[in-house]
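Subject: Structure handover

Hi,

Here is the structure you asked for. Please open it alongside this email, and read the notes below with it.

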Amino acid sequence: MSDSAKLTHLNDAGQPAMVDVGSKAVTRRVARARSRVVLGADILALVEQGDLPTRKGPVFQTAILAGIMAAKKTADLIPLCHPLGLDNCQVTVTVAPPDAVVIECTATVTGKTGVEMEALTGASVAALTIYDMCKALSHDIVIQETRLLSKTGGKSDFQHAE
């Protein structure tokens with residue numbers, strides 16, 4: 001971290017404050033985030049042939065919808081996030097043998113502020129939804145490695161080195 005790095009959501013008095021984005025340029029901004037859910041080999045075996053149906057609905061399809069809905073509601077969940085009208089939001093769930101699934105959420109907006117929090121929120125809530133829908137099978141499910149993978153279109157681009 002550089003010596004000039006500072007928290008952007010604090011005002012001069014150290015109080016929480018929304019960042020003023022009024023003078024920023026409108027650009028196309030894209031962010032991609034990932035969460036990993038370790039289900040265990042037994043539960044993963046149930047879903048490897050396709051989506052696992054439950055009384056609450058198909059697990060992966062429900063998680064995808066929950067992730068998209070959450071990304072659209074990020075400003076309602078995280079106090080200092082700007083409300084954004086997303087241009088697009090895509091959530092994918094991929095089986096990652098031997099015991100996990102990987103969720104990726106890509107959020108896109110044409111605006112003055114980034115969509116990292118929307119992508120992270122989408123991936124996180126999709127992971128929580130998978131936990132919720134599979135918890136009857138095991139309480140040993142672990143949500144891990146929620147992280148930003150990339151962001152473009154703002155002051156500084158970012159790409160996570162795999």
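One definition before the findings. A residue is called buried under 20% relative accessible area and exposed over 50%, and partly exposed in between. Lys-135 shows how that works: its relative accessibility is 31%, so Lys-135 counts as partly exposed. Please also keep in mind that this is a predicted model.

**Overall layout**

The protein chain has 4 helices and 7 strands. Read from the N terminus, their order is β-α-β-β-α-α-β-β-α-β-β. The C-alpha trace spans about 50 × 30 × 30 Å along its principal axes. The chain has 162 residues, and 36% of them count as buried. Take the contacts with a separation of 6 or more: 70% of these come from residues 24 or more positions apart.

**The core**

The largest nonpolar core has 32 residues. Within this core, Val-37, Leu-39, Val-101, Ile-103, Ile-130 and Cys-134 touch the most other members. Six elements are listed as supplying at least two core residues each: strand 1 (27–38), helix 1 (41–47), helix 2 (59–72), strand 4 (88–96), strand 5 (100–111) and helix 4 (116–134). Helix 4 gives the most, with 8 residues. As a general point, nonpolar side chains in soluble globular proteins tend to be buried together.

Leaving out residues up to four places away in sequence, Ile-103 touches Ala-33, Arg-34, Ser-35 and Val-37, among others. Its partners also include Val-91, Thr-92 and Val-93. Further along the chain, Ile-103 touches Ala-123, Ala-126, Ala-127 and Ile-130.

**Salt bridges**

The structure holds 5 salt bridges.

Start with Glu-104 and Arg-32. Their closest N and O atoms are 3.0 Å apart. Glu-104 sits in strand 5 and Arg-32 in strand 1, so this pair links distant parts of the chain, 72 residues apart. Glu-104 is partly exposed, at 23% relative accessible area. Arg-32 is partly exposed too, at 25%.

Next come Lys-151 and Glu-116, whose side chains meet in a salt bridge at 3.8 Å, N to O. Lys-151 is in strand 6 (residues 142–152) and Glu-116 is in helix 4, so the bridge ties together parts that are 35 residues apart in sequence. Is each partner buried or exposed, or in between? Lys-151 is buried, with a relative accessible area of 17%. Glu-116, at 23%, counts as partly exposed.

Asp-132 is partly exposed at 29% relative accessibility. Lys-135 is the partly exposed residue from the opening example, at 31%.

**The largest pocket**

The largest pocket has a volume of about 940 Å³. It is lined by 28 residues, and the closest to its centre are Thr-8, His-9, Lys-24, Thr-113 and Glu-116. Strand 1, helix 4 and strand 6 are the elements that give two or more residues to the lining. Strand 1 has the largest share, 4 residues.

Glu-116 is the salt-bridge partner of Lys-151. Thr-113 lies in the loop between strand 5 and helix 4. Thr-113 is buried, with a relative accessible area of 16%. Setting aside neighbours within four places in sequence, Thr-113 is in contact with Val-21, Arg-29, His-82 and Leu-84.

**His-160**

Where does His-160 lie? It is in the segment after strand 7 (158–159). His-160 has 17% relative accessibility, which is under 20%, so it counts as buried. Its side chain makes a polar contact with the side chain of Arg-147, at 2.7 Å. Not counting residues up to four places away in sequence, His-160 touches Arg-34, Arg-147, Leu-148 and Leu-149.

Best wishes

Terms used. Residues are numbered from 1 along each chain as its sequence is written. This is a predicted model: local features need pLDDT of at least 70, side-chain atom pairs count only at pLDDT 80 or more; totals for chains, interfaces and linings use all residues. Side-chain values use heavy atoms; hydrogens and water are left out. Buried means under 20% relative accessible area, exposed over 50%, partly exposed in between (1.4 Å probe, protein chains only). A polar contact is a pair of N or O atoms within 3.5 Å; within protein, one must be able to donate a hydrogen and the other to accept it, and residues adjacent in sequence count only if both atoms are side-chain atoms. Contact means heavy atoms within 4.5 Å. A nonpolar core is a set of buried Ala, Val, Leu, Ile, Met, Phe, Trp, Tyr and Cys residues joined through side-chain atoms within 4.5 Å. A salt bridge is a side-chain nitrogen of Lys or Arg within 4 Å of a carboxyl oxygen of Asp or Glu. On a 1 Å grid over the protein atoms alone, a cavity is a set of points where a 1.4 Å probe fits but cannot get out, and a pocket is an open set with protein on both sides within 12 Å along at least five of seven lines; lining residues have an atom within 4 Å of a point. Grid points are joined across faces, edges and corners, and a volume is the space filled by probe spheres set on the points.
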